[in-house]
Amino acid sequence: MSGERFTVRFWGVRGSIACAGPETLRYGGNTSSLEVRCGERLVLFDAGTGIRYLGNHLLREAPIDADLYLTHTHFDHVGGLPFFRPLYQPENTFRLWAGHLGTRISLRQVLWQFMMAPLFPVPPEVFRANVSYHDFRAGETLHAPGGITLRTIPLNHPDNATGYRLEFAGRSLCYLTDTEHVPGAPDRNILGLIAGADLVIYDCMYTDDEWANGHVGWGHSTWQEAVRLCRAAGARRLVVFHHDPDHDDDMLDAIAKDVEAQLPGSILAREGLELSL
Ligand SMILES: [Zn+2]
Ligand SMILES: [Zn+2]
């Protein structure tokens, strides 16, 4: 089992809104989208604008049977969904999951409202794949085909969000975005989730200085908090993720140096990056 493929590829790494331009070329301007391969299984996280490119890449793999786990349904995490072309291939099957909505509204209802006139020209009925919508409560443990387990926790974010720890073949990947920290009081749910993890992808929208100066209460965290959490929990490798659209490539290069100095082996997520666990 331990030799089985377990990889994550980043198709969108940006927070809040896509930002195309010469100043974001190297790290990329698309919002959250991850492709995870566990042996023969395909697992997707979030459906930001990056998922459009992932979809074009996947077209030749039909028939596809995959699970798509959403951290939450803010635009930067679902906006790419209608442009994910595998949803229009009838031979494909996708199970969409969300754990942040509580009992008042379902994932299906939220996506129906999002793809609704006059905000959007076509409703989700246009999807030709076999698409199903699944609600759970953050904190539950989920199981996907192929021996994949997902532990989940609630995150500290406006309208809520879900953090995931995917375990496969004895290795673990954690995906934690979007979430805000409390200085001096590390999130116990997060510490428990990332304990001993091989890879931790974390919301590093701001620096500590930026967060303290005008962004408290916005629902995001910092690379410094990520370092503190990973150290405290004995996590092996940090991936800095959900970059602020105002952070250009040069600034992200500078952050990469700072993170490396604090927690050697850490890396900044960029579009096209693939990591093996
Ligand atoms: Zn976000
Ligand atoms: Zn959000």
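The model is a predicted one.

The chain has 277 residues. For a chain with that number of residues, a compact globule would have a radius of gyration near 19 Å, and the value found here, 18 Å, agrees with that. A box laid along the principal axes and holding the C-alpha atoms comes to roughly 50 × 45 × 40 Å. Buried residues make up 56% of the chain. The accessible surface is about 11,800 Å², and carbon and sulfur atoms provide 52% of it. As for charge, there are 24 positive and 34 negative side chains, and 6 Å separates the centres of the two sets.

In secondary structure, the chain contains seven helices and 14 strands. How the parts of the sequence come together can be read from the contacts. Counting contacts with a separation of 6 or more, 66% are between residues 24 or more positions apart.

The next part is a sheet. Strands of a sheet pair through backbone hydrogen bonds, either parallel or antiparallel. Seven strands of this chain build an open sheet with mixed pairing, and their order is S7-S8-S9-S10-S11-S12-S13. Strands S7 (141-144) and S13 (267-268) are the edges; each has a single partner strand, so one side of each has no neighbour in the sheet.

Strand S11 (199-203) lies between S10 and S12 in that order. Strand S10, residues 171-176, runs parallel to S11, and four bridges connect the two. Tyr175 has Ile201 of S11 as its bridge partner. S11 and S12 are also parallel, again with four bridges. Where do the side chains of S11 point? Leu199, Ile201 and Asp203 point one way, while Val200 and Tyr202 point the other way. Five of the five residues are buried, so the rest of the structure largely encloses S11.

Helix H6 covers residues 223-233, and eight of its eleven residues are buried, so this helix too is largely enclosed by the rest of the structure. The buried residues of H6 are Trp223, Gln224, Glu225, Ala226, Val227, Leu229, Cys230 and Ala233. Which elements cover them? Among them are helices H4 (188-194), H5 (208-212) and H7 (249-262), together with strands S11 and S12 (238-241). Just after H6 comes Gly234, which has a positive phi of about 65°.

Apart from neighbours within four places in sequence, the contacts of Val227 are Leu238, Val259, Gln262 and Leu263. Phe114 stands 113 residues from Val227 in sequence, and their C-alpha atoms are 35 Å apart.

Is Cys38 buried or exposed? With 2% relative accessible area, Cys38 is buried. Setting aside neighbours within four places in sequence, Cys38 is in contact with Arg5, Phe6, Ile148, Leu166 and Phe168. Glu167 is 129 residues from Cys38 in sequence, with 9.4 Å from C-alpha to C-alpha.

How values were computed. Residues are numbered from 1 along each chain as its sequence is written. Chains are lettered from A and ligands numbered from 1 in the order in which they are written. This is a predicted model: local features need pLDDT of at least 70, side-chain atom pairs count only at pLDDT 80 or more; totals for chains, interfaces and linings use all residues. Side-chain values use heavy atoms; hydrogens and water are left out. The radius of gyration is taken over C-alpha atoms; the globule rule is 2.2 Å times the number of residues to the power 0.38. Buried means under 20% relative accessible area, exposed over 50%, partly exposed in between (1.4 Å probe, protein chains only). Contact means heavy atoms within 4.5 Å. Accessible areas come from the Shrake-Rupley method with a 1.4 Å probe; for residues, only the protein chains shown count as cover. Lys and Arg count as positive and Asp and Glu as negative; His and the chain ends are not counted. The place of a charge is taken as NZ of Lys, CZ of Arg, CG of Asp or CD of Glu. Two strands pair if DSSP finds at least two bridges between them.
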